[in-house]
Amino acid sequence: MTDNQIPAELVMTGIAKVYGTNRAIDDISATVPAGQVTVIVGPSGAGKTTLLRIICGLDAPTSGQVHFDGAPIDGVPDGLAMVFQDYSRSLFPWLRVEANVGFPLRRIDKKLRRSRVMEALEAVGLAGKEHLYPWEMSGGMQQRVAIARALACHPRLLVMDEPYASVDAQTRAELEDLLLTIQATMKITVLVVTHDIDESVYLADNIIVLSKAPSRVSEEIPVRLARPRDQITTKEDAEFIRLRAHVLRLLRNIPEAPTGAGSLAAKVTA
Ligand SMILES: Nc1ncnc2c1ncn2[C@@H]1O[C@H](COP(=O)(O)OP(=O)(O)OP(=O)(O)O)[C@@H](O)[C@H]1O
């Protein structure tokens, strides 16, 4: 890790966003702690993408502020990199993998750029694939390229919007583990939006659950499951099962079951 890779902290204070007469975000205050994985979940239309756009400095809030290491965000902060759901739209099909990953670094020295690109490709398990075009790769490999491009910038905060929504379940599990390995190795701050509740618990140190629009924070949940996590044993852990039921109840607005009461599935279908 280099000096400029000390993980960043993000603080949202009183964020609201109104589009015309549509109040998408009512009032969101939350912290994304440095060097941890924070996951945002919320019902469809709760303003998750809108919130990420504000965090990334791509859109301004109607009121409230986001601070990146204590400085108010005004435009995309240095040290922030983004990965989006749709790799087919974020990668340039006419550029080989090396040029795609090196694209944000095109103004730096060629030799340094190449070494940063190779380091990032190695980190995502794509060493030796730099001469391929994106369309010669599977969806999972293309998303690895998109992650490598973000890592090549040596981010202090990695923001991911539904990063694995376009890949199959097996690839999704592999990419979840890849993200956890990268985060543990590079110690960067990671902020992920996902619709997948299992994924939120599996990845997170903290989960921010949003209410339906106009959204507020329903709850911030610390996740204290042991690391490194494992797709089988972590998901068998009683605490994992308790947390996923808790998040699901919050999202569906179902009260906590009294101890010893019937299963969530029974309650949902009752
Ligand atoms: N540029 C825009 N102009 C007008 N309204 C917008 C704009 N972007 C988002 N909205 C509205 O803001 C609300 C929140 O949208 P957003 O896409 O942020 O939600 P989301 O939680 O990411 O949704 P999903 O989970 O379905 O992806 C919606 O009502 C949407 O129609």
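**Close-up views of a predicted model**

**View 1. The whole chain.** The model is predicted: local features need pLDDT of at least 70, side-chain atom pairs count only at pLDDT 80 or more, and totals for chains, interfaces and linings use all residues. Residues are numbered from 1 along each chain as its sequence is written. The C-alpha atoms fill a box of roughly 60 × 45 × 35 Å along the principal axes.

**View 2. The shell around the ligand.** Residues surrounding the ligand include Tyr19, Asn22, Ser44, Lys48, Thr49 and Ala213; each has its C-beta atom, placed from the backbone, within 6 Å of the ligand. The shell holds 4 nonpolar, 7 polar and 1 charged residue; Gly counts as polar. β2 (22-32) and α1 (48-55) each supply at least two shell residues. α1 gives the most, with 3.

**View 3. Helix α1.** Helices are DSSP runs of H or I, at least four residues long, and strands are runs of E, at least two, numbered from the N terminus. In α1, Lys48, Leu51, Leu52, Ile54 and Ile55 are buried (20 or more other C-beta atoms within 10 Å of the residue's own, with C-beta atoms placed from the backbone). Down the axis of α1 these buried residues fall within an arc of 160°, so they line one face of the helix. The arc is that of the directions from the helix axis to the C-beta atoms. Gly57 follows α1, with a positive phi near 75°.

Conventions:
A residue is buried if 20 or more other C-beta atoms lie within 10 Å of its own, exposed if 12 or fewer, and partly exposed in between; C-beta atoms are placed from the backbone.
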